[in-house]
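Here is a briefing on one structure. Metal site first, then core packing, then a helix and a strand.

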Amino acid sequence: MVKKLRYTNALAVLLTVAGLSAPALAGSEDVVVENAWSRASIGVNRPGAAYMTVRNTGEDAVTLTGLATPLAMMPEIHESKTNSDGVSSMAPAGEITIEPGQSVALEPGGLHAMLMKLQEPMTEGENFPLTLTFSDGGKVTVEVPILGIAARGPEG
Amino acid sequence: MQRRQLLLYGAAGAGVLGLTLFVGWWRVDGPGAPEPKGQRPLPLSAMEFRLTDHEENEVGPGNLIGRPTMVFFGFTYCPDVCPTTLSDISGWLEELGDEASEMNVVFITVDPERDTVEAMAEYVGYFHPVIRGWTGPEDQIARAAEGFRASFERVPTEGGGYTMNHTAGVFLFDAEGELVTMIDYHEPREFAVPKIRRALTEDVEGAT
Ligand SMILES: [Cu+2]
């Protein structure tokens with residue numbers, strides 16, 4: 001399921017816009033996903049997390065409504081927050097609207113693609129496909145490289 | 001949809017502003033005031049708890065006196081905040097180079113149910129070798145958190161699992177076990193490393 005491909009460039013983003021030919025789409029065909037990365041997991045019991053920048057290069061607002069991946073049964077956009085007492089918590093972020101020309105960063109300590117119920121371990125050096133679903137019915141699939149557990153960003 | 005809900009809450013909130021202010025006074029300054037939050041952690045010498053490190057040694061706050069110390073709370077089933085803190089700390093330690101080995105760096109789990117000694121050993125093995133993982137019975141973890149004035153809470157998630165809310169900052173102590181400062185969650189390296197150097201220098205001054 002997870003491709004046994006070694007990624008050669010952390011910036012390499014393989015984009016496939018499903019339903020590109022469908023004229024009903026409004027906006028999501030102009031979504032670009034950049035700098036996707038994730039950390040390796042220990043086994044499958046602990047949830048994983050993936051990060052990326054989702055850029056809306058079009059003229060219409062787009063709304064990110066969900067995630068899908070063969071790697072995890074329950075992928076979900078989450079947000080970590082740290083309150084004024086320094087206590088951090090994490091909860092589903094709901095739908096995320098990206099205005100034209102804007103981008104949303106999924107990055108450590110904020111929004112992240114939470115990968116719950118892993119179907120197989122996330123192994124350093126491999127990739128997995130992650131599909132972002134938008135409210136106009138469009139889908140964008142990105143190949144996410146799996147970096148080391150101690151990775152700090154898309155460069156490792 | 002979420003935004004609309006927020007607006008509704010906002011409107012409702014404005015409607016009961018008077019009541020809110022009263023409740024606010026009651027809770028903050030009035031008879032309902034809780035114990036002051038965000039208090040200073042106790043000195044390590046005044047803390048009392050017994051835990052087990054990831055190599056099965058019995059440990060407690062006394063083990064941390066004599067060298068500067070960084071302590072933080074987390075859990076290994078935490079996908080975002082905890083690995084970020086551990087990799088931030090690993091980066092700071094790399095920058096400190098040889099000085100890193102003059103410090104205690106301890107990750108105390110707030111999830112002892114899943115974070116056994118073996119789980120801690122496997123997990124910390126992926127980060128800087130100076131980092132130790134401590135776990136133990138829940139009452140001892142609670143006593144540790146109390147000493148540090150840290151908090152944690154188990155929160156159920158959909159799908160039957162749970163996650164832990166917890167204090168995310170790093171506690172920095174000098175060699176005598178007095179708090180030097182906190183390093184906030186995900187604090188940039190250029191601020192964090194000088195703070196650690198300060199704790200290391202206070203150690204030197206204390207020794208002369
Ligand atoms: Cu999450």
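The site of the copper ion is tetrahedral, with angles of 96 to 122° among its 4 donor atoms. Four donors count as tetrahedral if all angles lie between 85 and 135 degrees. This is a predicted model: local features need pLDDT of at least 70, side-chain atom pairs count only at pLDDT 80 or more, and totals for chains, interfaces and linings use all residues. Residues are numbered from 1 along each chain as its sequence is written, chains are lettered from A and ligands numbered from 1 in the order in which they are written, and side-chain values use heavy atoms, leaving out hydrogens and water.

**Copper site**
- H78(A) (ND1), M90(A) (SD), H112(A) (NE2) and M114(A) (SD) are the protein donors, 2.2 to 2.3 Å from the copper ion.
- Donors are N, O and S atoms within 2.8 Å of the metal (3.2 Å for Na, K and Ca); water is not among the atoms, so sites may look incomplete.
- The donor residues follow the spacing H-x11-M-x21-H-x1-M in sequence.
- H78(A) sits in strand β5 (residues 72–82) of chain A and H112(A) in strand β9 (residues 111–118) of chain A; the pair, 34 residues apart, links distant parts of the chain.
- Strands (E, at least two residues) and helices (H or I, at least four) are DSSP runs, numbered from the N terminus.
- H78(A) is buried at 4% relative accessibility, and H112(A) is buried at 0%.
- Buried means under 20% relative accessible area, exposed over 50%, partly exposed in between (1.4 Å probe, protein chains only).

**Nonpolar cores**
- A nonpolar core is a set of buried Ala, Val, Leu, Ile, Met, Phe, Trp, Tyr and Cys residues joined through side-chain atoms within 4.5 Å.
- The largest has 59 residues; M52(A), L130(A), L132(A), M70(B) and L93(B) have the most contacts inside it.
- Apart from it lies another core of 29 residues, among them L51(B), C82(B), A145(B) and Y162(B).

**Helix α5 of chain B**
- In α5 (residues 138–148), Q140(B), I141(B), A144(B), A145(B), G147(B) and F148(B) are buried.
- These lie on the same side of α5(B), because they cover an arc of only 160° around the axis, taken from the directions from the helix axis to the C-beta atoms.
- E138(B) and E146(B), on the other side, are exposed.
- Just after α5(B), R149(B) has a positive phi of about 60°.

**Strand β3 of chain B**
- β3(B) is largely enclosed by the rest of the structure, because 6 of its 6 residues are buried.
- T69(B), V71(B) and F73(B) point one way, and M70(B), F72(B) and G74(B) the other way.
- β3(B) runs parallel to β4(B), joined by 6 bridges; two strands pair if DSSP finds at least two bridges between them.
- M70(B) stands opposite V105(B) in β4(B).

Key:
Four donors count as tetrahedral if all angles lie between 85 and 135 degrees; four count as square planar and six as octahedral if opposite donors are over 155 degrees apart and all others between 65 and 115; anything else is irregular.
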